[in-house]
Amino acid sequence: EFIEREIEEVLGLTERREKDSELYKIANEVFDRTTKETLAYLHRRGKIESLYGVISTGKEANVFAGIDSEGNRIAVKIYRTYTTEFRRIWEYLAADPRVGYLPKDMRKLVFVWTRREYKNLKRAIKYAVRVPEPIIFRNNVLVMEFIGDELPAPRLKDVERELTKVDFEELYAFTMGVIERLWKRGDMVHGDLSEYNILIHEPPVVIDWSQATVKRNKMSVSLLRRDLRNVINYFARKGVSVDDFEEKFRELIES
Ligand code: ATP
Ligand code: MN
């Protein structure tokens, strides 16, 4: 059928790719009807020419490497429309004053979640935080700038063994700068800032903005506390002379 044919094109199956590749396996497992239709739409619009690799498979989303119709590399984050995280997603969205109507249907709730991540990326860029440039979203699919060269950039967690004290000091300053700029200028908090969501690139890039929210959200202060604590503890373990948590936290919430 037509959609299936288009999906084969997106996956490069019309030419060379063997049907037992990892890409094909993951796609087969997680692309439901809606996802296929969405990918076909983005393909027709030239936003996704093809997907060529799996960058990451997670509970909530899978991230693929691809190219657009002009040959630019892209990263495509595809949320599962069926997730066991429904409750958490619902709670996070319900607390966000920017989100109006909350659909009861899980699939549609995931669409709202995807749109919010896109908006968070746009907002973070406005406050000079280095994130993957969001290109387009539709339903449960978010297309963004690919961070990396040939291969996707590694996460801080993946390369920590190769880093020096000076590297950690610089990364600590970078990360604290992000937290402060977001909070003070952007009225915003990432909410899951850790060594898993910082890609080592020049300059480093903060990813995974799905749980980010605005100061007006009643959860924002506890998210800020969590980010600050995780970041300070991590870099302290790496030998950086870090800020005092309580002091920094107070300084931020009183700003
Ligand atoms: P969640 O499911 O909570 O939204 P996740 O951890 O599954 O989050 P991300 O952290 O956004 O999703 O992405 C998963 C992994 O994919 C990252 O750790 C990173 O390695 C890779 N990745 C994400 N975005 C990009 C990008 N724009 N360029 C290159 N690699 C990326
Ligand atoms: Mn992540």
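## Exercises on the ligand shell and the domain contact

**Exercise 1.** Into which classes do the residues of the shell around ligand 1 divide?

*Solution.* In this predicted model, the shell around ligand 1 consists of 11 nonpolar, five polar and five charged residues. The shell holds 21 residues, and the closest to the ligand are Ser 56, Gly 58, Glu 60, Ala 75 and Asp 208.

**Exercise 2.** Identify the elements and domains that supply the shell around ligand 1.

*Solution.* Begin with the secondary structure: β1 (50–57), β2 (61–67), β3 (73–79) and β5 (141–145) are the elements that each give two or more residues to the shell. Next, consider the domains. The assignment gives domain 1 (2–145) and domain 2 (156–253). Each of these two domains contributes at least three residues to the shell around ligand 1.

**Exercise 3.** Describe the contact between domain 1 and domain 2, and then the side that domain 1 presents to it.

*Solution.* Step one concerns the separation: the centres of domain 1 and domain 2, taken over C-alpha atoms, are 25 Å apart. Step two is the count, with 17 residues of domain 1 and 21 residues of domain 2 taking part in the contact. Step three assigns elements on the side of domain 1: both α4 (86–95) and α5 (106–126) supply at least two residues there, and α5 provides the largest share, six residues. Step four is the composition of that side of domain 1, namely 11 nonpolar, one polar and five charged residues.

Methods
Residues are numbered from 1 along each chain as its sequence is written. Chains are lettered from A and ligands numbered from 1 in the order in which they are written. This is a predicted model: local features need pLDDT of at least 70, side-chain atom pairs count only at pLDDT 80 or more; totals for chains, interfaces and linings use all residues. A residue is near a molecule or strand if its C-beta atom, placed from the backbone, lies within 6 Å of it. Helices (H or I, at least four residues) and strands (E, at least two) are DSSP runs, numbered from the N terminus. Ala, Val, Leu, Ile, Met, Phe, Trp, Tyr, Cys and Pro count as nonpolar, Asp, Glu, Lys and Arg as charged, and the others, Gly among them, as polar. Domain bounds come from an automatic or database domain assignment. Two residues are in contact if their C-beta atoms, placed from the backbone, lie within 7 Å.
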